[in-house]
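Subject: Structure handover

Hello,

Here is the structure I said I would pass on. Please open it alongside this message, as the notes refer to residues by name and number.

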Amino acid sequence: MQQPARLQAGRPSRRPLHGVLLLDKPLGLSSNDALQRVKRLLLAQKAGHTGTLDPLATGVLPLCFGAATKFSGLHLHGSKRYVARMQLGVTTTTGDAEGDVVQTRDAVAPSPAQWQQVLQRMTGAIWQKPPMYAALKHQGRPLYAYARAGQTVQRPLRQIQIDSLQVEPTDDPLQWDLHVQCGAGTYIRVLAEDIGQALGHGAHLRALRRVATGGFTVEHSITEDQLRERVQQGAPLPWLPTSALLGDAPKVTLTPEQAGRFLTGARLRLAGPAAEPLAVWGSQPQAFLGMAKRVADELIALRLLSPIEIEQTLSQQEITA
């Protein structure tokens, strides 16, 4: 059963929650809108997400609560996997189906040889120009603010990494599904536009779904409707621990005396190979304490949970177990 929220001045009060929920973000909502809806549903005090999905996009969006927000940045630079539907022969102002049509061309389905040549060019370390409709900032303003005002600003090319790029035909010979595994900072809209340009047809995205970010996959995500149903029924929620944000980082377990000193930020003598990051745990009780690095047999704290966050996490685990 979920811990009931207390009433304060006739309203349920916000409560401290700690951990990660994998949301299958619906179509049409910004990442922040989706986050705020779940935060209100759970009456959570503090929450954030680990990277933006456009309103057009669906798929896995890790939501971090409480202490987990301290570690959310670890996933901003992780690998991503997407499935995107690309429309050949039509370009738009935004590079996706939300924009106005700029140009329509007669197009034909590319041959296997054409696809092979283009996909090879677009795989590996490549250069990409961020779109005008993006949250990146120029002189303190997001690019989309300039775009909405009808202005265009210079955007320097950025190097991105495309680890894997495959195409799959659909029932429409001018619509193709792209299967992309890429590094952080990749704009799939721009990738589709660049592929369309290389094929000589132009292109835009019709749909985009993120199927994985870091080690988190959409198969283990929950929709907002499913989440609301569980809350109404008082059923357990699929919480992941805050430590899940560290992935497969090596684990270090401290004695109670060491744990107490570590949580004050003190450096500890701890023999072992140099490593960063390390997931640091206490032994009594077994609890995640934070993240550290080891340099010259010295354990140096990088991010810490507070004692109250540790206590609340342990209580939450008991209630939801």
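The notes below go from the overall picture to single residues.

Overall

Please keep in mind that this is a predicted model. The protein has 321 residues, of which 46% count as buried. Its chain forms 7 helices and 20 strands. Along the principal axes, the C-alpha trace spans about 70 × 55 × 40 Å. If we take the contacts between residues at least 6 apart in sequence, 68% of them join residues at least 24 apart.

The nonpolar cores

The largest nonpolar core holds 42 residues, and within this core Phe65 and Ile195 touch the most other members. Helix 4, residues 188-199, gives the most to this core, namely 5 residues. As background, nonpolar side chains in soluble globular proteins tend to be buried together.

Apart from its neighbours within four places in sequence, Phe65 is in contact with Leu17, His18, Gly19, Leu21, Val38, Leu42, Ala44, Lys46, Ala47 and Trp239.

Helix 1 and helix 5

Val38 and Leu42 also take part in a helix pair, described next. The axes of helix 1 (residues 31-42) and helix 5 (residues 224-233) come within 11 Å and cross at roughly 5°. An angle under 35 degrees counts as roughly parallel, so helix 1 is roughly parallel to helix 5. On the helix 1 side, the contact is made by Arg37, Val38, Leu41 and Leu42, and on the helix 5 side by Glu224, Leu227, Arg228 and Val231. Sorted by class, the contact between helix 1 and helix 5 has 5 nonpolar and 3 charged residues, with no polar ones.

Leu43 sits in the loop between helix 1 and strand 4 (47-49). Although Leu43 is not a glycine, its phi is positive, at about 55°.

Cysteines

How many disulfides does a search of the whole structure find? The count is 0. A disulfide is a covalent bond between the sulfur atoms of two cysteines. For Cys64, the closest cysteine sulfur is that of Cys182, and because the distance is 19 Å, it is too far for a bond. Seen from Cys182, the closest cysteine sulfur is in Cys64, again at 19 Å and too far for a bond. Cys64 counts as buried, with 0% relative accessibility. Cys182 is buried as well, its relative accessible area being 0%.

Leaving aside neighbours within four places in sequence, Arg189 is in contact with Asp54, Thr94, Gly95, Asp96, Pro131, Tyr133 and Leu205. The C-alpha atoms of Arg189 and His204 are separated by 6.7 Å, with the two residues 15 apart along the chain.

Ala292 lies in strand 19, which covers residues 286-295. At 0% relative accessibility, Ala292 counts as buried. Beyond its neighbours within four places in sequence, Ala292 is in contact with Phe262, Glu276, Pro277, Leu278, Val280, Leu299, Ile300, Ala301 and Leu302. Val83 is 209 residues from Ala292 along the chain, and their C-alpha atoms are separated by 35 Å.

Two of those contacts, Glu276 and Pro277, are joined to each other by a cis peptide bond, with omega about 0°. Pro277 lies in strand 18 (residues 275-283). Another cis peptide bond joins Gln284 and Pro285, again with omega about 0°. Pro285 lies in the loop between strand 18 and strand 19.

Asp297 is not a glycine, yet its phi is positive, near 60°. With a relative accessible area of 31%, Asp297 is partly exposed.

Regards

Note on methods. Residues numbered from 1 in each chain as written. Predicted model: local features only at pLDDT ≥ 70, side-chain atom pairs only at ≥ 80, totals over all residues. Heavy atoms only, no water. Axes fitted to C-alpha atoms, helices over the stretch in contact; angles between N-to-C directions. Helix = DSSP H or I, 4+ residues; strand = E, 2+ residues; numbered from the N terminus. Parallel < 35°, antiparallel > 145°, perpendicular 65-115°, else oblique. Contact = heavy atoms within 4.5 Å. Nonpolar A, V, L, I, M, F, W, Y, C, P; charged D, E, K, R; others polar. Disulfide = S-S within 2.5 Å. Buried < 20%, exposed > 50% of the residue type's maximum accessible area, 1.4 Å probe, protein only. Core = buried A, V, L, I, M, F, W, Y, C linked by side-chain atoms within 4.5 Å.
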